[in-house]
Amino acid sequence: MQNIAVIGTGYVGLVSGAGISDYGHNVVCADIDKTKIEQLNKGEIPIYEPGLHELVNRNVNFNRLSFTANVDEAIRNADVIFIAVGTPEGENGASDLTAVYEVARAIGENLNGYKVVCTKSTVPIGTGEKITNIIKDVSKNINEFDYVSNPEFLREGSAVKDFLWPDRVIIGASGSRAFKTMKNVYRPLYINETPIIETTVETAELIKYASNAFLSVKISYINEIANMCDEIGADVHVVSKAMGIDGRISPKFLHPGPGYGGSCFPKDTKALISMAKEMGIDLNVVSGAVVANQLQKERMAQKLLNLFDGDIKNKTIAILGLAFKAQTDDIRESPAIEIINTLNKNGALIRAFDPAANENMKKRFNDLKTFDSWEEAVKDADGVVIMTEWNEFRGLDLLKLKGLLKSPVLLDCRNILRMDDLETMGFKYDNVGRKKR
Ligand code: UDX
């Protein structure tokens, strides 16, 4: 058992802290946000993430997990410190590392014996070296620490599962003592024979960006193929299924849709492009994916307008789904934002429903009308657009939907409804890259 401090109780920090305590370590999650810590100490989880509440409660009850606003003390008591604070998008797509460097300074000030300092937040290549230098400077060259890069690959909505049963763990470090300490942290995973890649700090930092950018490219690629399918009347699902059977391609992340969103892909692709540019390298493939993603979001808005022959003024449109994907309340970079903007610009009236993200979207659009069920949202609307693939929309009762709508017009941006059913029920509809009969 080791004493672990996780600094930053956002999405990554909280899931990682709770997950590491579940491995049997003694974990304290620290954050300068006192309100958040008070909330957590009352058993309230500030984010929506399936399984997280149970994971936190279980480990708090076993006295393995606690929360504190005293970051300095957490650092002093720890053998391993995980940096998991936010790295928002700064100027020119580069990451804003203010919070990371702040934590590095706090570590330097509180260094009182050998510790492993490990970054979980996604940081640009070379940040490890900067963090190391800050700690050395502030701690007056006490070199009793090793630096490790241990990037996370957590998907929102399945982050708990991704943490406890990861596809792989990346450990970037330079000394055998650091590898040994990290091996101890991830002991249960070593026993499970989870692939663990031990490498240098820089390589670990790049792996994270290279993985996320690749997945973004894959999505933009299938979206563009879907757009071709629209034109030629082909079915993109058959195309991606057939492509995915080829082991070299794999079927995952070949699902067409309204464009990727969330806190990672949009930010990480831009950060990677910006880093490469500084090295004099043009990442043309990733840049293409970023452009294609924005166009895909706009294309969905255009599809909706087309269903109303370009005139959507004073029409009431129901939006089903506001989160950037299902199983999360996160609306960051959600394609639904583009649709709301287009509808507002064109004088349409919006009635929206999301099972988890209503409140977050209302923070962004104060006057957005949201409802507690899809039935209420679609009532007397002139049309409906599905933006997020929540299970409850997959099983929509089309007869009921048609009865509630003023006119049966539907845009399915996630291809979750059966076209045969929509056809039989007399819907005027569109989707992403599936043949219309
Ligand atoms: C992602 C990475 O998967 C994770 O490893 C990383 O650490 C953080 O970023 P997340 O942003 O939670 O996780 O979502 P993910 O499930 O990867 O989906 C990202 C976006 O791509 C969503 O907008 C989703 O709707 C979209 N997507 C995904 C598609 O449009 N098609 C697909 O086939 C897959």
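Modeller: Here you go, and keep in mind that this model is predicted. Let's start with a rule: a charge sits over a ring if NZ of Lys or CZ of Arg is within 6 Å of the ring centre and within 35 degrees of the ring normal.

Biologist: What makes R168 count as sitting over the ring of F153?

Modeller: The charged end of R168 is 3.7 Å from the centre of the F153 ring, and the cut-off is 6 Å. R177 lies over the face of Y114 too, at 3.4 Å from the ring centre.

Biologist: Now the ring pairs. Why is the pair of Y23 and F163 called stacked?

Modeller: By the pairing rule there are six aromatic pairs. In this one, Y23 and F163 are 5.7 Å apart, centre to centre, with 25° between the planes.

Biologist: Where in the chain do Y23 and F163 lie?

Modeller: Y23 is in the loop between α1 and β2, F163 is in helix α7, and they're 140 residues apart.

Biologist: How do you know whether Y23 and F163 are buried or exposed?

Modeller: Buried means under 20% relative accessible area. Y23 has 14%, so Y23 is buried. F163 has 6%, so F163 is buried as well.

Biologist: And what makes F353 and F393 an edge-to-face pair?

Modeller: Their planes are 75° apart, and over 60 counts as edge-to-face. F353 lies in strand β10 and F393 in helix α17, so the pair ties together parts 40 residues apart in sequence.

How values were computed. Residues are numbered from 1 along each chain as its sequence is written. This is a predicted model: local features need pLDDT of at least 70, side-chain atom pairs count only at pLDDT 80 or more; totals for chains, interfaces and linings use all residues. Side-chain values use heavy atoms; hydrogens and water are left out. Rings of Phe, Tyr and Trp (its six-membered ring) pair if their centres lie within 6.5 Å; planes under 30 degrees apart count as stacked, over 60 as edge-to-face and the rest as tilted. Helices (H or I, at least four residues) and strands (E, at least two) are DSSP runs, numbered from the N terminus. Buried means under 20% relative accessible area, exposed over 50%, partly exposed in between (1.4 Å probe, protein chains only).
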